[in-house]
Amino acid sequence: MAHICIKSIILSLIFIFLAGCNKEDKLEKEIAEIPVTITIERFDKAFSKVDQKTLPALKQQYPFLFPEKYQDSFWIQKVADTLQIELANQVAKKYPDLSTLKIKLEGLLQHAKYYFPEITEPRVITITNDVDYHNKIILADDLLLIALDTYLGKDHYFYESIQEYIRRNFKSDQIIPDIATVYAKQLVSLSKSRTFLSNLVYYGKVQYLIDLFLPKYEEYTKLGYSPEQLEWVRVNEEQIWRYFIDKETLYSTDADLSPRFLYPAPFSKFDLEEIDKEAPDRIGRYIGWRIVASYMENNNVSLRQLLMMDAETIFNKSKYKPRN
């Protein structure tokens, strides 16, 4: 009798798994039918070859990339600069062709448009930006600028003076997740509340959208982690949550909490020596994602309703429990 019962449970689990797979396959097929076609314009290549004769035409084609305060002589001198030449050469060597990036970006936009049909196809332009890693991806007025010189690989000699925790994501695999992040942040409103919980949930909403936009990407990539960092956070999720509760952080407005647990840094700062040596940065974003995902699993609400919902309601109705 027990043997029959176990067999029935196994068959039920297999059925549930297959039903879930069929549902996901159906969704992906529907998303794949959304028409999205983009062209990636290689401004970085065009600018590296510009001269006094061709500069006016390039300025006419890309006026937004040539601030009026600079005279033509400035741009000609910039192109001839030794460092600029080396930068252009390294980008051209790393990215001779962007056909794979184009396919991946179209897939991202198909997913984004499925959930938010009002999203329009951007004009996509690749640039070099003097390794300005604060502006790796810029999305404004249907312009999507990708600074390829910030994706040459974390160990590239251009980045030797940049701290490891910053440059570890200066790699090609991070371009699409970074673009997804920019789109997600445009859709999620900043909370007027200054509590740590509000900030947790804000980043949780952003991460939840990234997950929807990039369903086939590894979780650690979507978080900007290494596989080992994600594993550490998963294993220690209960301990992290207990710390947040014990220290009464959730409803605190202490401005120091965000730099410690939400912003890029060498590590998340618990002020506990045995943990700080191992804990990756931005741990709060992962916890926020888990809270938002739990809320969506346990409540019958739409994606747009989620984006409008306040942090306290989301947390109270999420039934979130850390993995142990």
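**Notes on the cavity and the sheet**

1. The largest cavity has a volume of about 30 Å³. Here a cavity is a set of points, on a 1 Å grid over the protein atoms alone, where a 1.4 Å probe fits but cannot get out; the volume is the space filled by probe spheres set on the points, with grid points joined across faces, edges and corners.

2. A word on the source: this is a predicted model, where local features need pLDDT of at least 70, side-chain atom pairs count only at pLDDT 80 or more, and totals for chains, interfaces and linings use all residues. Residues are numbered from 1 along each chain as its sequence is written, and side-chain values use heavy atoms, leaving out hydrogens and water.

3. What lines the largest cavity? W232, N236, Q239, I240, Y243, F270 and I275 do (lining residues have an atom within 4 Å of a point). Helix α12 (residues 237-246) gives the most, with three residues; helices (H or I, at least four residues) and strands (E, at least two) are DSSP runs, numbered from the N terminus.

4. Turning to the sheet, four strands form an open sheet in the order β1-β2-β4-β3, with mixed pairing; two strands pair if DSSP finds at least two bridges between them. β1 (40-42) and β3 (137-140) are at the edges with a single partner strand each, so one side of each has no neighbour in the sheet.

5. Strands β2 (residues 123-127) and β4 (residues 143-147) pair in the parallel sense over five bridges. In this sheet, I125 stands opposite L145 in β4.

How values were computed
1 Å grid on protein atoms, 1.4 Å probe; cavity = no way out; pocket = protein on both sides within 12 Å on 5 of 7 lines; lining within 4 Å.
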